[in-house]
Amino acid sequence: MGNLSRIGHALYEGRISIDFVGRKWLWYSLSGVILLAAIAGLTVRGLNLGIEFQGGVEYQVAMPSGQATEANVEAIRNTVARTAQTADIPAASAPIVNTSGGGNIRVQTEPLNNDQSTTISQAIQKTAGVGEDAISSDAIGATWGAQVANRALLGLVVFLVLVVLFIWAYFREWKMSVGAIVALAHDLLITVGIYSLSGFEVTPATVTGVLTILGFSLYDTVVVFDKVRENTKNLARTHQTYAEAANLAVNQTLVRSINTSIVALLPVGALLYVGVVSLGSGALKDLALALFVGMAAGTYSSIFIATPLVVQLKEMEPGVRAGDARALKNRKRREVDPFANVPAFTEDMPLQDAPVDAAGDVAGDATGDVDEDEPVPSEAGAARPVARPPRFTAGERGPSRPVSQSASAKRAQPSRKPRSQRGKK
């Protein structure tokens, strides 16, 4: 922990720096590859929408202890498909059957009417060897599922609009709004693409997880942007370019972003493990996958995508380009002339003692002064003493002209000569 703290302190002070902004094309290429894989998954496999979005009938079969096995899952799937073919029920010809938790088997079909639902339920009872009270069914119409999907899409659009307005109002900078929206779209597309590639079912819990990770990504991006604004407020005084100041901001918030992400991902990873291994299908698994992928993508985008994109947009401004040119010109001048690095005098500068030689006297090498009694060679080669005016400290200097007593002030006052005699001995 001590080494990590020292590294974080060095990153904050700029003694150690990772060039996030300068290598933006590398990060863009890496994100492009991930996004292409996500788009390919969406195009080829598509999303496995749950019955809440496309409608259908779901049967929950409570199996005896230890009977919720893959063999029973396969037997129920074959029975439902055979029954659908015999009874002419095409909506149940391709059922989705899997385990749900430790003792349940879930069967999903397309929308059915009451008679068809009863026929399928009886076939499941015979194959599973359970009674009627061990099976529960939920029917959701296709119209209601479409309404749920439209409401979810509407909620996502409203969220993105509010994000744009919030960032614009907080930073008064539309370029930062663009950077945040691009980062959010990046996180959303990666999360949905991985959902498609994994084959997990999209449920209302998935929508909840997606909205949550968008908020997490926005939070991390706003923290980094706030530090960027702080570092770029007085660029003329720091002699840094905009890209250098923004890169310093990312390095200063790097340790905080990593620590926050690790703390958030550990419990979400535990939920994902429990949902997949122990509980099987269910809302917990869908929520945990969306949270885990989205949080990891949100941390990545706030560091590698959002800030470099904002810097790229800001460098198009004439004022920023002119400031960067002045900073680079001043840096080259200081490299050529090392004395240009001498700081200007300010009132809060610390006082330093004058150099002292071996004898304990103040050395005059730095100021060009010599001691009063120091012999100076004459033209003939003989040493002669040099008379120098005495040195005074504050409050010891004598009067520059004669003084006389003043009756009004009751203290010594300089005597005033006529104008014609001023300056004469």
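Here are a few friendly notes on the predicted model shown above.

1. Start with the overall picture. The protein has 12 helices and 10 strands. Of its 425 residues, 35% are buried. The accessible surface is about 25,700 Å², and carbon and sulfur atoms account for 59% of that.

2. Next, look at how the chain meets itself. Taking contacts between residues at least 6 apart in sequence, 72% join residues at least 24 apart.

3. Now find two helices that pack together: α4 (residues 70–86) and α5 (residues 114–128). Their axes are 9 Å apart and the packing angle is about 145°, and α4 passes α5 in a right-handed crossing. On the α4 side the contact is made by Ala75, Ile76, Thr79, Val80 and Thr83. On the α5 side, the residues are Thr119, Ile120, Ala123, Ile124, Thr127 and Ala128. What kinds of residues make up this contact of α4 with α5? Seven are nonpolar, four are polar and none is charged.

4. The aromatic rings deserve a visit too, as the structure holds four aromatic pairs. Phe20 and Phe304 form an edge-to-face pair, because their planes are at 75°, with the ring centres 5.4 Å apart. This pair links distant parts of the chain: Phe20 sits in the loop between α1 and α2, while Phe304 belongs to helix α11, 284 residues apart. Both Phe20 and Phe304 are buried.

5. Phe304 has another partner, Tyr300: their planes are at 25° and their centres 4.8 Å apart, so this pair is stacked. Tyr300 and Phe304 lie four residues apart in helix α11, about one turn of the helix, and both are buried. Together, Phe20, Trp27, Tyr300 and Phe304 form one aromatic cluster.

Notes: Residues are numbered from 1 along each chain as its sequence is written. This is a predicted model: local features need pLDDT of at least 70, side-chain atom pairs count only at pLDDT 80 or more; totals for chains, interfaces and linings use all residues. Side-chain values use heavy atoms; hydrogens and water are left out. Axes are lines fitted to C-alpha atoms, for helices over the stretch in contact, and angles run from 0 to 180 degrees between N-to-C directions. A crossing is left-handed if the near helix is turned anticlockwise from the far one by less than a right angle, and right-handed if clockwise. Contact means heavy atoms within 4.5 Å. Ala, Val, Leu, Ile, Met, Phe, Trp, Tyr, Cys and Pro count as nonpolar, Asp, Glu, Lys and Arg as charged, and the others, Gly among them, as polar. Buried means under 20% relative accessible area, exposed over 50%, partly exposed in between (1.4 Å probe, protein chains only). Accessible areas come from the Shrake-Rupley method with a 1.4 Å probe; for residues, only the protein chains shown count as cover. Rings of Phe, Tyr and Trp (its six-membered ring) pair if their centres lie within 6.5 Å; planes under 30 degrees apart count as stacked, over 60 as edge-to-face and the rest as tilted.
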